[in-house]
There are 2 protein chains.
Amino acid sequence: MGYRILETDDIPGYLRERGHWGDGTDIRVREVSDGNMNRVFLASSGDGTRSLAVKQALPWVRVAGPSWPMSPERADAEARAYDQVAKVAPDKIPAIHGYDPENYALVMEDMSDLEVLRTRLNEGEPYGPHTSARSGEFVAQLSFATSDFGMPSAERKALIAASVSPELCKITEDVVLSEPYIEHEHNHWHEGLDDLAAEFRADTRLRTEVADLRHTFMTSAQALLHGDLHTGSIMVGERESAHVVRVFDPEFSFVGPVGYDLGLYWANALVSQERARALGTLSDHADQLRLSWEAFEAEFRRLWPTRLDAFFDDAYVDRFLRRVWTESLGYAGTEIVRRIIGFAHLTDLTTLPDPVPASRRALLLGRELIVRREELSDVDAVRAVVESLT
Amino acid sequence: MGYRILETDDIPGYLRERGHWGDGTDIRVREVSDGNMNRVFLASSGDGTRSLAVKQALPWVRVAGPSWPMSPERADAEARAYDQVAKVAPDKIPAIHGYDPENYALVMEDMSDLEVLRTRLNEGEPYGPHTSARSGEFVAQLSFATSDFGMPSAERKALIAASVSPELCKITEDVVLSEPYIEHEHNHWHEGLDDLAAEFRADTRLRTEVADLRHTFMTSAQALLHGDLHTGSIMVGERESAHVVRVFDPEFSFVGPVGYDLGLYWANALVSQERARALGTLSDHADQLRLSWEAFEAEFRRLWPTRLDAFFDDAYVDRFLRRVWTESLGYAGTEIVRRIIGFAHLTDLTTLPDPVPASRRALLLGRELIVRREELSDVDAVRAVVESLT
């Protein structure tokens with residue numbers, strides 16, 4: 001019957017047709033669309049004992065409308081990523097009850113009892129002891145399983161072919177990895193940053209380093225990525241007195257450099273740290289890069305002995321992890337910069353009483369991470385850069 | 001009607017059916033299969049005024065027979081590579097008259113007036129002034145056009161997806177980039193090399209460097225490669241007093257690191273140099289790495305201003321070419337080593353009266369190229385390594 005755009009009233013019938021819900025019960029539905037791209041509905045039984053979420057990709061960017069068309073096939077990428085993660089880290093994503101490729105719709109766990117990590121941080125809460133560790137493990141588990149270490153060669157080549165994502169990769173290539181460093185109509189910034197924005201556009205060394213990270217993003221087919229692992233793509237909360245961390249929205253997923261996922265997480269951790277510093281609410285923020293890296297590295301090394309291809313020796317994993325570390329720092333830098341002088345900004349900074357001082361510190365940090373990523377060899381070196389900012 | 005294996009007697013009818021030859025004329029056919037993998041027939045008119053070659057991939061390795069099955073889809077990869085090259089370097093490949101995907105058969109230019117470069121070199125001839133220059137330009141033209149510099153982003157992602165070649169890449173990953181460094185039933189070598197073969201298997205530094213090159217081969221989607229650019233994949237000769245160079249047999253083609261193509265060419269140039277040195281017929285052999293690199297670099301830089309993506313600045317091309325240089329040296333090293341203590345050896349060395357001294361020099365050179373590729377920063381540094389061999 002072909003693709004149809006689901007409205008609130010369609011959801012009960014849709015869930016029954018697809019076998020997710022029996023005929024007898026009452027289904028209440030509300031739209032809770034929040035991200036820029038897609039529609040999300042929550043369906044629950046009248047007695048509150050059961051609920052599901054339905055997420056549908058529209059053939060355009062939701063917040064822009066049909067004037068900004070975008071293929072709904074991004075939902076295929078999302079479903080494919082969830083499939084891969086479900087094999088190795090099912091506790092770190094929402095439960096997926098079904099994917100309907102005809103309507104680009106996912107039926108999944110209702111996570112409305114959890115909170116978006118960014119929202120919680122912006123309200124002055126700490127990360128808590130588990131969030132960054134689970135996030136680092138998530139990257140390790142997904143990337144190991146979909147790398148040449150964890151996946152048979154032929155299966156991996158098929159995954160690379162199936163996962164190419166020209167439209168969404170192009171957004172990253174443009175919006176994250178070039179526009180902020182050139183004159184572009186997408187760019188905007190607080191007037192208190194005029195001097196730095198101009199300086200960044202004139203910085204030829206910075207430009208060449210970003211070009212290098214951009215080409216790596218385009219060519220380095222290391223593993224399946226989440227592709228957009230910021231603090232708005234992570235939900236946290238408590239269930240039955242256990243801390244729950246759920247990574248979601250992997251629609252930018254493709255096979256790329258592992259450091260891109262870690263880098264996005266770090267950029268958001270470092271920016272949240274600047275927000276907390278500006279507000280005087282700094283608590284555990286400064287430790288999140290370390291916690292996520294150590295969890296990533298520990299989990300990757302724990303998986304290493306299970307690698308399918310024994311030719312990759314123990315000395316090689318050291319070199320590989322070193323490269324991931326270095327590239328992660330570079331991508332963290334590009335993510336910080338683009339979120340301040342590029343197209344889409346972060347509420348972490350924009351909602352500060354005076355966004356300028358924290359934004360200036362973050363911009364300078366971003367540049368250091370990009371241009372000095374080879375020499376910043378460990379967590380302490382990064383911490384020293386943060387502490388040296390004025 | 002499905003795939004059928006073509007025999008000599010089928011060729012006239014086949015060429016007529018496919019519209020390559022009218023009904024009136026006499027067609028004489030002979031089989032000239034020479035490589036390991038495929039069948040080749042030459043068809044010519046009785047009066048000698050017209051000729052064509054037909055190349056068909058069998059569902060197995062030709063020289064081994066059905067006991068070594070291999071998908072004939074390698075002919076798809078070959079046809080796809082010829083398509084890409086035809087757009088940018090049609091003078092450097094045979095003219096392709098048609099591809100029949102149902103029968104995995106290419107109808108192409110008869111090159112029987114030309115000679116395989118390896119054959120000519122083994123007979124003591126020099127390279128001549130054009131061979132390496134044209135080969136270097138071939139790599140530059142194909143790689144630029146199929147890189148993110150020369151091809152629009154979405155088209156390139158489609159090319160990556162279409163060009164994955166699990167079966168043939170696995171051969172390279174195994175036979176070239178791991179087996180020679182471990183105990184493997186494929187490996188064999190002259191008994192005069194027992195000590196070096198054992199030393200190489202025990203060399204942990206060498207192993208880690210090869211692992212690095214191997215992982216780069218698996219993950220670095222820089223550009224469409226020929227994939228097997230040795231001196232047996234190049235034909236040379238004179239036509240109408242012009243020097244002709246034709247690269248053929250790109251069935252190992254896939255999107256990979258550019259240095260792999262250059263490295264294979266260099267390995268074969270360096271081995272031919274050792275043969276000539278052993279026989280006392282050294283003429284222009286020592287200059288071929290330089291000639292091919294300079295032609296590659298000059299052509300790539302000539303194309304650079306035509307790049308589609310201006311974010312890649314002039315400083316970035318320097319860095320990119322430096323990386324291609326370094327990786328080319330590494331792959332040259334792996335190709336030399338595998339051709340002496342791995343599965344498939346080179347007649348350049350095996351037909352020497354005493355293959356041992358030249359093979360020992362070449363093996364030691366190969367190792368140096370692999371482990372010292374970062375510090376061997378130019379042609380003179382490589383030449384110094386060659387001259388220091390004992």
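## A walk through chains A and B

Start by selecting A:Asp284 and A:Ser283, whose side chains make a polar contact at 3.4 Å. A polar contact here is a pair of N or O atoms within 3.5 Å; within protein, one must be able to donate a hydrogen and the other to accept it, and residues adjacent in sequence count only if both atoms are side-chain atoms.

Before moving on, some ground rules. This is a predicted model, in which local features need pLDDT of at least 70 and side-chain atom pairs count only at pLDDT 80 or more, while totals for chains, interfaces and linings use all residues. Residues are numbered from 1 along each chain as its sequence is written, chains are lettered from A and ligands numbered from 1 in the order in which they are written, and side-chain values use heavy atoms, with hydrogens and water left out.

**Stop 1: around A:Asp284**

Stay on A:Asp284, which sits in the loop between α9 (258–279) and α10 (288–303) of chain A. The helix labels come from DSSP runs numbered from the N terminus (H or I, at least four residues, for helices; E, at least two, for strands). Zoom in on the backbone nitrogen of A:Tyr127 and you'll find a polar atom of the A:Asp284 side chain 3.0 Å away. Leaving aside neighbours within four places in sequence, A:Asp284 is in contact (heavy atoms within 4.5 Å) with A:Pro126, A:Tyr127 and A:Gly128. With a relative accessible area of 22%, A:Asp284 is partly exposed. That label sits between buried, under 20%, and exposed, over 50% (1.4 Å probe, protein chains only).

**Stop 2: two buried side chains**

Next, pick A:Asn268 in helix α9 of chain A. Is A:Asn268 buried or exposed? Its relative accessibility is 0%, so A:Asn268 counts as buried. Follow the A:Asn268 side chain and you'll reach the backbone oxygen of A:Leu264 at 2.8 Å. Not counting residues up to four places away in sequence, A:Asn268 has several neighbours, among them A:Tyr127, A:His230 and A:Asp348.

Then jump to A:Glu78, in helix α2 (residues 74–88) of chain A. A:Glu78 is buried too, with a relative accessible area of 2%. Which residue does the A:Glu78 side chain join in a polar contact of 2.8 Å? Select A:Lys55: the two side chains meet there.

**Stop 3: helix α8 of chain A**

Highlight α8(A), a helix of 16 residues that should span 22 Å at 1.5 Å a residue; its end C-alpha atoms are 22 Å apart, so the two agree. (The expected span is 1.5 Å times one less than the number of residues.) The rest of the structure largely encloses α8(A), because 13 of the 16 residues are buried. At the N-terminal end, look for the cap: a side-chain oxygen of A:Asp203 lies 3.2 Å from the backbone nitrogen of A:Arg205.

**Stop 4: where chain A meets chain B**

Show both chains together. Each side puts residues into the contact: 41 from chain A and 41 from chain B. About 3,500 Å² is buried between them, with carbon and sulfur atoms giving 58%. (Buried area is the accessible area, 1.4 Å probe, that two parts lose on being put together, summed over both.) Select A:Lys157, A:His215 and A:Phe311: this trio supplies 22% of the area that chain A buries against chain B, more than any other three residues.

How many salt bridges does the rule find across the interface? Eight, where a salt bridge is a side-chain nitrogen of Lys or Arg within 4 Å of a carboxyl oxygen of Asp or Glu. One to look at is B:Glu173 with A:Lys157, the closest N and O atoms being 2.5 Å apart. On the side of chain A that touches chain B, α5 (153–163), α6 (166–176), α8 (204–219) and α11 (314–341) each supply at least two residues. The largest share, eleven residues, comes from α8(A).

**Stop 5: salt bridges inside a chain**

Over all chains, the structure holds 88 salt bridges. In chain A, select A:Asp174 and A:Lys170, which pair up at 2.7 Å, N to O. Both lie in helix α6 of chain A, four residues apart, about one turn of the helix.

Finish in chain B with B:Asp203 and B:Arg367, whose closest N and O atoms are 3.4 Å apart in a salt bridge. This pair links distant parts of the chain, 164 residues apart: B:Asp203 is in the loop between α7 (194–202) and α8 (204–219), and B:Arg367 is in helix α13 (residues 355–371).
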